[in-house]
Structures are given as C-alpha cells and as structure tokens.
Amino acid sequence: MKKLFITMSLTAAVASGYYLNRVNNSDNLSSVMLENIEALADGESSMDCNYIPKGKECSITVSADVAAKIFGITGKGDGSVVVNITGAQECELGGNSTCVPVQCNELYSTIFNHG
C-alpha cells in the first residue's frame with residue numbers, strides 16, 4: 001500500500017512538472033500574440049470615423065454585331081445590353097463610420113479577372 005502511494009505521488013509530481021514546463025514555455029507564444037494584438041489595436045485609435053458610406057451603381061454596356069443566314073436570307077444587326085452592378089462606394093464626410101471608397105473600375109477588374 002505504501003509503494004502504491006509513493007508511485008502515485010511520484011507520477012503526479014512528474015505530470016505536474018511536465019504540465020508546468022509546457023505552460024511556462026507557451027507563455028512566450030502568448031506574449032508575442034499579445035504584442036501583435038496591442039499593435040493592431042493601437043492603429044485603431046487613430047482611424048478616421050467621420051464618413052457616411054454611400055452606395056453607388058456602375059453600368060457596363062455589352063454589345064455585339066450579329067449576322068445570320070437562315071433559308072438563304074442573310075440578316076445583320078447589332079445588339080447591346082446594359083448591365084448594372086452594385087458594390088461601388090463613395091465616402092461622404094459628416095458621419096460616424098469608417099469608409100473605404102470602391103471605384104467602378106475596381107469592381108470591373110475584380111469581376112473580369114477573377115470571375
């Protein structure tokens with residue numbers, strides 16, 4: 001019985017030492033993470049929050065010339081379609097929000113290059 005108690009005590013001591021060693025070594029990672037969080041938070045205090053975001057619509061006109069021959073008759077024509085895209089944004093002073101302007105050409109580039 002005495003041997004069991006000594007074995008259990010020794011096992012608990014070794015396990016506790018191992019756990020404390022891991023906790024102490026992980027503090028370095030936590031301090032780095034804390035420094036990063038503080039650095040990110042410092043930038044927020046100087047953010048300009050005096051804007052009103054205003055949505056803006058962008059338009060693209062898509063056109064094509066068409067020619068078709070059906071039953072020996074040739075027909076020609078042109079067609080165009082206007083496509084309206086929402087997602088652009090202008091920033092107007094006088095509000096209480098942050099705002100990042102988004103121009104129509106940025107939306108076009110995103111749609112046509114990544115779409």
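**Cysteines and core of a predicted model**

Me: Is Cys 104 buried or exposed?
Reply: In this model, which is predicted, Cys 104 is buried, with a relative accessible area of 14%. That places Cys 104 below the 20% cut-off that is used for buried residues.

Me: And what is Cys 104 joined to?
Reply: Cys 104 is joined by a disulfide to Cys 58, and the S to S distance is 1.9 Å. Cys 58 lies in strand 1 while Cys 104 lies in helix 2, so this pair ties together parts that are 46 residues apart in sequence. Cys 58 is itself buried, with a relative accessible area of 1%.

Me: Which hand does that Cys 58 and Cys 104 disulfide have?
Reply: The disulfide is left-handed, because the torsion about the S-S bond of Cys 58 and Cys 104 is about -85°.

Me: How many disulfides are there in total?
Reply: The count comes to two disulfides.

Me: What's the pairing, if I number the bonded cysteines in sequence order?
Reply: Numbered that way, the pairing is 1-4, 2-3.

Me: How accessible are Cys 91 and Cys 99?
Reply: Cys 91 is partly exposed, with a relative accessible area of 28%, whereas Cys 99 counts as buried at 16% relative accessibility.

Me: Switching topic, which residues make up the largest nonpolar core?
Reply: That core has six residues, and Cys 58 and Cys 104 are among them, together with Ile 60, Ile 85, Ala 88 and Leu 107. The elements that give two or more residues to this core are strand 1 (51–70), strand 2 (73–93) and helix 2 (104–114).

Me: What does Leu 107 touch, leaving aside its neighbours within four places in sequence?
Reply: On that basis, Leu 107 is in contact with Cys 58, Ile 85, Thr 86, Gly 87, Ala 88 and Val 102.

Me: How do the elements run from the N terminus?
Reply: The order is α-β-β-α, and the protein has two helices and two strands.

Me: And how much of the protein is buried?
Reply: Of the 115 residues in the protein, 6% are buried. The accessible surface comes to about 9,800 Å², and 59% of that area belongs to carbon and sulfur atoms.

Definitions and conventions. Residues are numbered from 1 along each chain as its sequence is written. This is a predicted model: local features need pLDDT of at least 70, side-chain atom pairs count only at pLDDT 80 or more; totals for chains, interfaces and linings use all residues. Side-chain values use heavy atoms; hydrogens and water are left out. A nonpolar core is a set of buried Ala, Val, Leu, Ile, Met, Phe, Trp, Tyr and Cys residues joined through side-chain atoms within 4.5 Å. Buried means under 20% relative accessible area, exposed over 50%, partly exposed in between (1.4 Å probe, protein chains only). Helices (H or I, at least four residues) and strands (E, at least two) are DSSP runs, numbered from the N terminus. Contact means heavy atoms within 4.5 Å. Accessible areas come from the Shrake-Rupley method with a 1.4 Å probe; for residues, only the protein chains shown count as cover. A disulfide is a pair of cysteine sulfur atoms within 2.5 Å.
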